[in-house]
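User: Got a structure I want to go through with you. Can we take it piece by piece?

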Amino acid sequence: MPAEILDVVKEFLGRDHALFIEGKALRTAGPSNAVVDPATGQVIAHVREASSDEVDQAVASARRGFLRWANTSPADRGQKLHRLADLLEQHSEELAQIETLQSGKLIGLSRSFEVAQAAHFLRYYAGWATKITGQTMSPSIPSMNGERYSAFTLREPVGVVVGIVPWNFSTMIAIWKLASALVTGCSVIIKPSEFTPLTILRIAELAIAAGIPAGVLNVVNGTGSVGKALIEHPGTDKVSFTGSVPTGLAVGSTAMQAKLTRATLELGGKNSAGFLPDFDIYKAVDGVIEAGFLHSGQICAAAERFYVHRSQMAAVLEKLSAKLASLRIGSPLDENTQFGPVTNRPHQQKLARYFDMARSEGNEIVHGGRIIDGPGCYVEPTVILAASRDATLLKEETFGPVATFLPYDDEEELVSLMNDSPYGLSASIWTNDLSKAMRMIPQLQVGTLWVNMHTLLDPSVPFGGIKASGIGREFGSAFIDDYTEMKSVMMRY
Ligand code: NAD
């Protein structure tokens, strides 16, 4: 049975949504974008796009917010983020339902990943508030008359951060951005994806209830041009972008040309998973599902290239196809559904083009390979056996439930195949042989490498890409460098 939509969710969806500036939801006259439930194809809400005047207003508010916030104590900032985490948990069902309605994410995933994990990440970041420090140095400048020197560094907030968010995890990724900004003393303007703008508007209200001052968290809606205007604006200091590689390249170049605006770029990739022959075939199939099919493959870290030893390929493909055929496809609001829609119509159509391309290039469609006709944006979970290592489906990110396989013969070839990509976000190796795993780890060119697991992130473990998958890191202590400037102070006494 689908979850019953809460009255607060119905009331929220019915509002005239636009922006959240200076602690308030603003009504505006901007053009209205429809938010569509990808499970049903029905319009569930309307959100107005910001004008350039409203972009100016948001930046002015964020600058005032920055002055207020940067002057609060670190402990105070940490407490307020903890309070926001409490409120996320108290409003968990409401936020999860809004998220599932706008993105088609399975309701269980919205509850556990989008909301519960977002609160978990927020608490982790909150803990950093009181632990951001500089260093002291002892300079070796020669002393002529007995004078001495001392030096230290300070970590100062970079200023007003523009957080640009994609549609796949619109709650959690927005929380990563606002938490990194707020804990370091920055203010933030979030620009959500035009496909999934709703949850962050509700979270901005909760932030005010948590005691975060007006102007510290603003939300500006619109398409890419609004994001570009925010990056170029003279009143913003940094962009933290998560999204596709082509948009990331445009964002990075806009940021550099605008005013050397600091940029963190968390981009996509074409992640790989390599299964060594010692690994149990049934577990390998579960591993492929974890790596490639969670949230219909719409996870930046998900694997799309799967390398299996030639001797095991037929058995893995057979067992995987049987398992995918048994998945219950249906409404994401139904707790029994195991496989939901993809998040929007253009994405469904992009996947249809990849299915056609896979056929025309002579690859074998082992399972699925079609969109599912109907008002919703469903596609079949798909398994493809590539004709060669040059198949387009081993090169380009589909960002969908499409696992492409290629056999290998030895470990040297496996490493070469896994590294055969201009991207380097993540990869996984699956083996019970510790010494083989340890030998492969330094050879694989990625920012995050999993052994016998894939996709799962933890706030204590830095995350980000190498090669064309991005610049900078989120989580751990690594994010601090990206959201603060280092000031060096030298003293003679
Ligand atoms: P996208 O690049 O199309 O859009 C991302 C955001 O950028 C949206 O808010 C969009 O409105 C905005 N945007 C578009 N053009 C812009 C411009 N010129 N200037 C400023 N902003 C602009 O990405 P998407 O389709 O929403 O998300 C899917 C992609 O995100 C996938 O490629 C996926 O791999 C990637 N992703 C990466 C990570 C990571 O952490 N590395 C996490 C999630 C998703």
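User: Which helix is Ala126 in?
Analyst: Ala126 sits in helix H5, residues 107-128. Bear in mind that this is a predicted model.

User: Is Ala126 buried or exposed?
Analyst: Buried. Its relative accessible area is 4%, and the cut-off for buried is under 20%.

User: How far apart are the C-alpha atoms of Ala126 and Arg83?
Analyst: They are separated by 9.7 Å. Along the chain, Ala126 and Arg83 are 43 residues apart.

User: Switching to Ala302. Where is its place?
Analyst: Ala302 is in the loop between H10 and E14. Its relative accessibility is 5%, so Ala302 counts as buried.

User: And what separates Ala302 from Ala427, in sequence and in space?
Analyst: In sequence, 125 residues. In space, 8.5 Å from C-alpha to C-alpha.

User: Where is Ser296 found?
Analyst: In the loop between helix H10 (281-292) and strand E14 (303-309). Ser296 is buried, with 5% relative accessible area.

User: What about the phi of Ser296?
Analyst: Near 50°. That is a positive value in a residue other than glycine. Lys467 also has a phi near 50°, again positive and again not in a glycine.

User: Where is Lys467, then?
Analyst: In strand E23. Lys467 counts as partly exposed, at 36% relative accessibility.

User: Let's do Gly268. Which strands does its loop lie between?
Analyst: Strand E12 (262-266) and strand E13 (271-275). Gly268 is buried, with a relative accessible area of 2%.

User: How far is the C-alpha of Gly268 from that of Cys300?
Analyst: The separation is 5.4 Å. Gly268 and Cys300 are 32 residues apart along the chain.

User: New topic, pockets. What volume does the largest pocket have?
Analyst: About 910 Å³.

User: How many residues line the largest pocket, and which lie nearest its centre?
Analyst: The lining has 37 residues. Nearest the centre are Trp167, Phe241, Gly243, Ser244 and Thr247.

User: Which elements give two or more residues to that lining?
Analyst: Helix H8 (224-232), strand E11 (238-242), helix H9 (245-259) and helix H12 (345-360). The largest share comes from H9, with six residues.

User: How does the lining of the largest pocket split by class?
Analyst: It has 17 nonpolar, 14 polar and six charged residues.

User: Where does the largest pocket lie relative to domain 1 and domain 2?
Analyst: Between them. Domain 1 (7-268 + 470-492) and domain 2 (271-458) both give residues to the lining, so the pocket lies between the two.

User: Now aromatics. How many aromatic pairs turn up in a search of the whole structure?
Analyst: Twelve. One to look at is Phe463 with Phe475. Their ring centres are 6.1 Å apart and their planes are at 15°, so the pair is stacked.

User: Why does 15° make that pair stacked?
Analyst: Because planes under 30 degrees apart count as stacked, and the planes of Phe463 and Phe475 are at 15°.

User: Which parts of the chain does the pair link?
Analyst: Distant ones. Phe463 is in the loop between strand E22 (448-451) and strand E23 (466-467). Phe475 is in the loop between strand E24 (470-471) and helix H15 (479-483). The two residues are twelve apart.

User: Are Phe463 and Phe475 buried or exposed?
Analyst: Both are buried. They also form one aromatic cluster with Phe121 and Trp176.

User: Last one, charges over rings. What lies over the face of Phe169?
Analyst: Lys105, at 4.4 Å from the ring centre.

User: And over the face of Tyr483?
Analyst: Lys238 lies there, at 4.7 Å from the ring centre.

Conventions:
Residues are numbered from 1 along each chain as its sequence is written. This is a predicted model: local features need pLDDT of at least 70, side-chain atom pairs count only at pLDDT 80 or more; totals for chains, interfaces and linings use all residues. Side-chain values use heavy atoms; hydrogens and water are left out. Rings of Phe, Tyr and Trp (its six-membered ring) pair if their centres lie within 6.5 Å; planes under 30 degrees apart count as stacked, over 60 as edge-to-face and the rest as tilted. Helices (H or I, at least four residues) and strands (E, at least two) are DSSP runs, numbered from the N terminus. Buried means under 20% relative accessible area, exposed over 50%, partly exposed in between (1.4 Å probe, protein chains only). A charge sits over a ring if NZ of Lys or CZ of Arg is within 6 Å of the ring centre and within 35 degrees of the ring normal. On a 1 Å grid over the protein atoms alone, a cavity is a set of points where a 1.4 Å probe fits but cannot get out, and a pocket is an open set with protein on both sides within 12 Å along at least five of seven lines; lining residues have an atom within 4 Å of a point. Grid points are joined across faces, edges and corners, and a volume is the space filled by probe spheres set on the points. Ala, Val, Leu, Ile, Met, Phe, Trp, Tyr, Cys and Pro count as nonpolar, Asp, Glu, Lys and Arg as charged, and the others, Gly among them, as polar. Domain bounds come from an automatic or database domain assignment.
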